[in-house]
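Have the sequence and the 3D view ready.

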Amino acid sequence: MSQTIKVALAGAGAFGIKHIDAIKQIDGVEVVSVVGRELDKTREVAAKYGIGHVTNDLAASLALKEVDAVILATPTQMHAAQAIACLKAGKHVQVEIPLADNLKDAEAVMAVQKQTGLVAMCGHTRRFNPSHQWVHKRIVKGELNIQQMDVQTYFFRRTNMNALGQARSWTDHLLWHHSAHTVDLFAYQTGGTIVAANALQGPIHPTLGIAMDMSIQLKSSTGAICTLSLSFNNEGPLGTFFRYICDNGTYIARYDDLFDARTRRSTCPRSTSR
């Protein structure tokens, strides 16, 4: 690997651009190739960030010798096959959550990762928000134990648009995308394995073909439980809200912000990265 880690980004949409912005703040990492379905829009992104190589074919990026790693910010249904292609091409890969939309494909990616020994990871970004890190550090110190996480993930998404208000070429999904953040965070914060899971879905949208409302329950081997409510029908407030009900305090997290539920005071400094 070169001294500067050279990255190819597949998927130059709303969250692909967030990856480019983040990488620009990291010394020793550079995006050298961008892959996008719509070449004109992809060229605009590449030109804005001074990225020299643009293609609508992931294989063309994987063929570049200088590429060390790939970030996949592509539609969910493409994640597993593309991750396997990256690993087989000798590239490390980060996959935007989720790794796949079924267990079989996820296990196939894991098998190839073990064969190659390369890094393959999911973008479990919730772990790294300062709010959740504050809670995690106190858990590690033995100062807190989670009894329950009560989580609301609410958006208004009755049309197939992305975070920039642009039409998507794929359909977002409450289960495979949004709930995956909370499932991962619950396992991470409790330090246990998930031993029980229940899920209910509401009516299927006639055009989008997905459930617009879901309810999920989880139980950790530590005894902690998680109650997760998700909706694409909610008109506000939007976003994800986490309530940590602990043996020693209750805390409410939203992205980088964390408040003591009793005093309503902020408990950790807000990140300047947002």
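Where is the place of R264? It sits in the segment after β13. Helices here (H or I, at least four residues) and strands (E, at least two) are DSSP runs, numbered from the N terminus. Before going on, keep in mind that this is a predicted model, where local features need pLDDT of at least 70, side-chain atom pairs count only at pLDDT 80 or more, and totals for chains, interfaces and linings use all residues. Residues are numbered from 1 along each chain as its sequence is written, and side-chain values use heavy atoms, with hydrogens and water left out.

So what is there to look for? Most residues other than glycine have a negative phi, and most peptide bonds are trans. Keep that in mind for the next stops.

R264 has a phi near 65°, a positive value in a residue other than glycine. R264 is also exposed, at 53% relative accessible area (exposed means over 50%, buried under 20%, partly exposed in between, with a 1.4 Å probe and protein chains only).

Y255 has a positive phi too, near 55°, and is not a glycine either. You'll find Y255 in the loop between β12 (249-254) and β13 (257-260). With a relative accessibility of 18%, Y255 counts as buried.

Now for the prolines. The peptide bond from I97 to P98 is cis, with omega near 5°, and P98 lies in the loop that links β5 (92-95) and α5 (103-116). Further along, the bond from G236 to P237 is cis as well, its omega near -10°. P237 belongs to the loop between β10 (225-231) and β11 (239-246).
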